[in-house]
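Thanks for coming. I will keep this short and go through one model on the screen, starting with the part that both chains share.

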Amino acid sequence: MAGLAASFGSGAMSNSMDDVAKNAKAFFIIGSNTTEQHPVFGTMLRRAVRFRGAKLVVADPRKIDITEFATLHLRQKPGTDIALINGLMYIILEKDWADKQFIEERTEGLEEFKATVMQYPPTLVSEITGVPVSQLYEAAEIIARNKPTAVIWAMGITQHISGVRNVMDLANLQMLLGNMGVPGGGVNPLRGQNNVQGACDMGGLPNVYPSYQPVTSEEARKKFDDAWGLTSSTKVGLTATEIIPGILEDKIHALYILGEDPVMSDPDTHHIRKCLEAIDFLVLQEIFPSETAAYADVLLPGVSFAEKTGTFTNTERRVQMVHKAIEPLGDSRPDWWITAEVAKRVLIGTNNRVPREAPFSGWEYRDTNEIMSEINAVTPSYGGITHQRLEKGERLQWPCPSADHPGTPVLHTKQFTRGKGKFAPIDHVPPAEEPTDDYPMVLSTGRVLYHWHGGQMTRRAKGLMEVYGEALVELSPNDAEKLGVNGKGIVRVTSRRGSIEAQAWVTDRVPPGMVYANFHFPEASANELTLAALDPVSKIPEYKVAAVKVELVG
Amino acid sequence: MTINIIINGKKIEAQAGQTILQAAKEHDLHIPTLCYHKDLSPTGNCRMCVVEVKGGRFLQAACVTPVWEGMDIQTDSEKVVKDRRLTLQLMLANHTANCACCDVSNECELQELVYEYQAETPAWGTKGTRYKVDSDPNPFIHVDMNKCILCRRCVQACAEIQVRDVWGVAYRGFQEQIVAGAGTTLLEARCESCGQCVAYCPTGALSTKINYGQGMARAHQVTKVTTTCSYCGVGCQFDLVVKRGKVIGVASNPNSPVNGMALCVKGRFGYDYIHHPDRLTKPKVRRYLLEGGEKLKTNRKSEIANPKLEWVETDWDTALNITAKKLGEARDYFGSDSIGILTSAKCLNEENYLMNKLARQVIGTNNIDHCARL
């Protein structure tokens, strides 16, 4: 999101899923395992390819499922996305396929950017990425000559130390081709969790208030100080990847965690465990005794989505109703109720921090509808998104500033949030950890179709466990032969941080020299191996590249 | 181009290129269908939608026959009704007749039509049970080809919605049957277990295995609540099917704006965590918090070695007061920025908003984040 914010002034999926599925002439998927991670959108793309002949270029080191439908599959080496994208743009400039009118009217910074791109001739790019020159030309032609092309990505682009720059380079590509602000085009980062978009929109980030109002802005601070009767300073807070290590640095003494499982989902599990062991006080609000629960001092039982009413915001900025279907189990309570109770009790507990009388200083909420009214008042992009309108079946995608606003399916149609789109010169940087003699293979990590994130939900779904019941490490036939893995076998994967043992899945999904592991199973979680090398801006860890060695156990 | 046709003696306007079924639907004229589904391309193979066209030698399938200028159609003539009844009888002759025990009874489209046309199982008897019941080991999909009427909706749903081509038609004549792959199991045929075929199947040939026998289709026993999926960011909607206070399954809701009838394996079949016995249902605190004394910071996982760390179930007041006291103390002693808040990408917007307000207003810190980066 930080990358798109730099290029356009705001960061979110610019188009809608139905729009690109219907209108794109071509798709460029890079770093998204769409059919496994966003399965229903994946099927929309398959339909577009099969039934209306849309072209599809997939760039991914792994032969993921959607590559079966690809016109062309580029298998770049992990961590070489910038070189690849620059290489494609070099060809686009060389062949004069850029959209000159769009560049002239809507963008700035072309010359400086061009100078950088010209450093990436196809032969050099081929050397860095491992993609043959002829494929680079073919890919550039498909992407440039079918207009509009929609660019789609996910964590395969962002979970690198160069994640923000990867995103900015994709923004460069779409500006160069004039694919911004048009149906069927755009930059389309797919958000992983059901409500990760909403959690960001609602100010669940250390640098912004709801609707991305920066905490560093005195104006924004004053606005929320007036609304709540008291607020925080203008100093940017710590990210999740800084908060937990901050415990051992004596910066963080107490943690309040709602429905997250850092032991499973954060990089370098061994270090995370050490940090959590040292915390003075940890309150965890959860539905299951997760791996993180072992380190908690208080466990507050929240509820599942079936037991509460409110809203989620999907990847295309569309706000939708969640309806309570059953009563909370046992003595569990809706999470909004619990948070409000904690807040009230902290406020009456001491006199050190007392909010002034203000329109929204209080914490008495009868239901989430009342909370939404407060959100409407302080969150410009959600100003007109009410439960009442959603119940009537209105399609509301933010920005939707007022009660009579129809919502915004495509962003940046007239101009970018920052005015002109900014071309940024982006150079390739190698991954933080490259293979060595001791750790000769590359590990990439992620999820699989049948499981979800830390696995707390899906490991408790019987059928899913029948189909995919243990951690599997994807290993190429080539490497399997070298290691003596004949069909089946347990392998030990070791990085500088830790080691896991898991069943090998011998498959040509991964190229020789690469293994792929997931983090769904605590007994063999890929995050024991990953490193906490962070993108300097977004603080996203480089989950997609780590150096490992693989041995046969038996 | 507008053209004029006659349906049941009534002159109506239709568009060139429309099928009889489409033209009739636009004028609220009912023609029964079985293999036809609006999401799938029409195949005209079940013969339920047959109509009589003046001058035609045979009855025509309305779902695939285009209208022409002056076309004169009878949708419910004696000949048509008799033909439809015979078609249904032929289906019944080859269909297990135990509706009372069938999982989709009440939602079965064949059952509806058999009732409407009062089609008795023919005197020349049924062919009995030809196929193994629950013949496929897929953990989610219950296959009973004895109930299959060869409408091919499953084949089309897999090819046209999921685009996976798992189901196909094999053999000919009376031996004709629907098979996965080249007669393998579903998973061997690279089934993704999305359940689209189950959602589109008009009978009990394909149903849900994980809640088989719980009464998903008994409308008088269940309530359906439309909601949004809790897995990925696509935002599919569906109905949670609730019986006696328990979620017993997920049903496609054709009005879902993002996904229509389509769902993935997790959305459709990954709901049983909701009632898993591991669910936390009481607030819990570590014993040292109730009895006083210091927290021992080592050996967190070994409660036997350190009884002070044993979990104790409490009431809400106790747990909330301890939480508030500890957070307040950390804030007042170490400063607002000594507290970290992790909010949740799995929770509601309203809940995330409150976590943001709690961090900034109550605690006074911007140390709030969630797993967007992970």
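Here 7 strands form an open sheet with mixed pairing, in the order β14(B)-β13(B)-β11(A)-β10(A)-β9(A)-β15(B)-β16(B). On terms: strands (E, at least two residues) and helices (H or I, at least four residues) are DSSP runs, numbered from the N terminus. Two strands pair if DSSP finds at least two bridges between them. The edge strands belong to chain B, namely β14 (311-313) and β16 (368-369), and each of these pairs on one side only.

Before going on, a word on where this comes from: it is a predicted model, in which local features need pLDDT of at least 70, side-chain atom pairs count only at pLDDT 80 or more, and totals for chains, interfaces and linings use all residues. Residues are numbered from 1 along each chain as its sequence is written, while chains are lettered from A and ligands numbered from 1 in the order in which they are written.

Now chain B by itself. Its secondary structure comes to 9 helices and 16 strands. Its radius of gyration is 29 Å, well over the 21 Å that the globule rule gives for 374 residues, so chain B is more spread out than a compact globule. That radius is taken over C-alpha atoms, and the rule is 2.2 Å times the number of residues to the power 0.38. Along its principal axes the C-alpha trace of chain B spans about 95 × 50 × 40 Å. Of the 374 residues in chain B, 52% are buried. Buried means 20 or more other C-beta atoms within 10 Å of the residue's own, exposed means 12 or fewer, and partly exposed is in between, with C-beta atoms placed from the backbone.

Chain A is assigned domain 1 (2-190), domain 2 (196-391) and domain 3 (441-552); the bounds come from an automatic or database domain assignment. The C-alpha centres of domains 1 and 2 of chain A lie 34 Å apart. Between them, 6 residues of domain 1 are in contact with 5 of domain 2.

Last, some backbone details. Most residues other than glycine have a negative phi, and most peptide bonds are trans. The bond from A:Lys147 to A:Pro148 is cis, and A:Pro148 lies in the loop between α9 (133-145) and β5 (149-153) of chain A. Another cis peptide bond joins A:Trp398 and A:Pro399. A:Arg317 has a positive phi of about 70 degrees and counts as buried, with 24 C-beta neighbours inside 10 Å. For B:Asp165 phi is near 55 degrees, and this residue is partly exposed, with 14 other C-beta atoms within 10 Å.

Key. Contact = placed C-beta atoms within 7 Å.
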